[in-house]
Amino acid sequence: MDFAPSPKVREFQDRLTAFMEEYVYAAEAVAQEQIAASGNPHHHAQIIQELKQRAHTAGLWNLFLPDQAYGAGLTNLEYAPLAEIMGRSPIAPEIFNCSAPDTGNMEILAEFGTAAQRRQWLEPLLAGEIRSCFSMTEPAVASSDPTNLQTRAVRDGDEYVITGRKWFTSNAFHPNCRIAIVMAVTDPDAPPHQRATMILVPLDTPGFELVRTLPVFHYIGEGGHAEVRYNDVRVPVTNRLGTEGSGFAIAQARLGPGRIHHCMRSIGGAERALELLCKRAANRVAFGSRLIEKQTIQNWIAESRMQIDAARLLVLHAAWKMDTLGKREARQEISMIKVVAANVYLDVLDRAIQAHGAMGVTNDTPLALMWSHARTLRIVDGPDEVHKMVIARREIRRWTQF
Ligand SMILES: Cc1cc2nc3c(=O)[nH]c(=O)nc-3n(C[C@H](O)[C@H](O)[C@H](O)COP(=O)(O)OP(=O)(O)OC[C@H]3O[C@@H](n4cnc5c(N)ncnc54)[C@H](O)[C@@H]3O)c2cc1C
């Protein structure tokens, strides 16, 4: 295994880092001010739009997509250090058109979409003209086990009629969000993993109802997390993604890269938190010496460095395995890094917040917003406990009958 970045990746790293330093970090506060001034927490800040155009022109765009026809054609291993740089700022992924849930949606549209679906939805997503959402989780059932899903899509002639209630449909409140990919049960009598189907629902379809926005630790972000009601929503059968009953298979295809992208960005976020911790501790004096001279703080810094470097190696290993052996073969490594990266990110953020004292819990640094996001990463795309369950099962199977 050779994890050294290629010359092409090094060049992207340099350009991305320069872009972040010149534009993105400074835009964090501006975006917050613009959203506050608009009075609408879902306002699309002008500065984000401007920087999207600038990043697009600079060719720092769609770097996540390994497909050469549509994306930059980078492998997962090549993309990892670039996603890490983007993970340093909560606003960066959108600026480079590399943000969830659009990335996962673009991937499955590229892989499973018909030519017409790709033209209508994938192309404007790739161009950053529209945004999208993914509607799987339901409030009424334990959705970490998607065989529980209840939302129905019933065939009526050339249409599906969708009825149900979803929540945490992230991004649905984004002013540019136009399309939802909904996972609905098409055949309740089929074997559990063949019951559901992915269906494309344009947000302006009659019966698509945005019920409310769900704050996360009191934050309401730009795209929001929506509770959505599907009230007899009718869409043509041609809006089906893949074959009927293939919803679970497509969800798995979506989650592999989606999970590891979160991990790559978490490493970058943890690096930024450690940088802020060190800078703060170098300047703050308490009880006769700078914080950085105290052994407790040095211990935090050392722990953070060791955790981040170990997590990065796990991410790179998982990415390498996805590239060389395929997503399926890399499932164990993806589950492992999904748990490790989120927890490392949280540990480092917690120390950085602590070192900032009261300031750490305000919006005067990006740490509080980063923490609120990082905490959700232990739940999204499969809670820690579910990943640990499958990691343990695979390990046990190596040695015993299970
Ligand atoms: C910020 C955020 C954004 C999200 N975005 C989206 C999105 O865009 N689209 C979407 O469809 N969903 C989204 N989700 C939903 C997310 O994927 C689900 O919350 C997740 O799958 C867990 O489902 P649940 O909330 O129903 O929890 P449940 O399934 O009810 O599980 C609750 C808890 O039970 C425990 N548990 C479950 N299984 C086991 C087990 N086997 N062993 C031990 N303990 C267990 C875990 O601690 C788990 O956290 C988002 C969630 C958040 C917080």
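Helix α7 supplies 3 residues to the lining of the largest cavity, which is the largest share. Helices and strands here are DSSP runs, numbered from the N terminus: a helix is a run of H or I with at least four residues, and a strand is a run of E with at least two. The model is a predicted one, in which local features need a pLDDT of at least 70 and side-chain atom pairs count only at pLDDT 80 or more, while totals for chains, interfaces and linings use all residues. Residues are numbered from 1 along each chain as its sequence is written, and side-chain values use heavy atoms, with hydrogens and water left out.

The structure holds 2 cavities of 30 Å³ or more. A cavity is found on a 1 Å grid over the protein atoms alone, as a set of points where a 1.4 Å probe fits but cannot get out; its lining residues have an atom within 4 Å of a point. Grid points are joined across faces, edges and corners, and a volume is the space filled by probe spheres set on the points. The largest cavity has a volume of about 40 Å³. Its lining is formed by H262, C263, S266, K338, A342, L377 and V380. Two or more of these residues come from each of α7 (247-283) and α9 (331-355). By class, the lining of the largest cavity has 4 nonpolar, 2 polar and 1 charged residues. In this scheme Ala, Val, Leu, Ile, Met, Phe, Trp, Tyr, Cys and Pro count as nonpolar, Asp, Glu, Lys and Arg as charged, and the others, Gly among them, as polar.

The second largest cavity contains about 40 Å³ of space. Around the second largest cavity stand P146, T147, L149, V185, P192, R195, A196 and F248. Its lining divides into 6 nonpolar, 1 polar and 1 charged residues.

## The ligand and its surroundings

Which residues come nearest to the ligand? There are 19 residues around the ligand, and F134, T137, S144, F168 and S170 come nearest; a residue counts as near if one of its heavy atoms lies within 4 Å. Helix α11 gives the most to this shell, with 3 residues. The shell divides into 10 nonpolar, 7 polar and 2 charged residues.

Several polar contacts (pairs of N or O atoms within 3.5 Å) can be located. A backbone N or O atom of S143 lies 2.9 Å from an oxygen atom of the ligand, and a backbone N or O atom of F168 lies 3.1 Å from a nitrogen atom of the ligand. For E385, a polar side-chain atom lies 2.8 Å from an oxygen atom of the ligand. The ligand has 980 Å² of accessible area on its own, and the protein covers 68% of that area; such areas come from the Shrake-Rupley method with a 1.4 Å probe. Two or more residues of the shell come from each of β1 (131-135), β3 (159-170) and α11 (384-399).

A pocket, unlike a cavity, is an open set of grid points with protein on both sides within 12 Å along at least five of seven lines.

At least two lining residues of the second largest pocket come from each of α1 (7-38), α3 (76-86), α7 and α8 (295-325). The largest share, 6 residues, is supplied by α3. The lining of this pocket comprises 12 nonpolar, 4 polar and 5 charged residues.

## Paired strands

Two strands pair if DSSP finds at least two bridges between them. Strand β2 (residues 152-156) runs antiparallel to β3, with 5 bridges joining them, and A153 stands opposite I162 in β3. The two strands form a hairpin with 2 residues between them, and G157 in the turn has a positive phi of about 65 degrees.

Strand β3 is also joined to β7 (residues 225-236) by 9 bridges, again in an antiparallel arrangement. Within this pairing, Y160 stands opposite V235, and I162 has V233 as its bridge partner. Strand β6 (residues 208-213) is antiparallel to β7, with 5 bridges; here E209 stands opposite R229.

## Two backbone features

A cis peptide bond, with omega of about 0 degrees, joins A100 and P101. P101 is placed in the loop between α4 (92-95) and α5 (102-112).

N62 is a residue other than glycine with a positive phi, near 55 degrees. N62 lies in the loop between α2 (46-57) and α3.

How values were computed
Polar contact = N/O pair within 3.5 Å; in protein donor to acceptor, adjacent residues only side chain to side chain.
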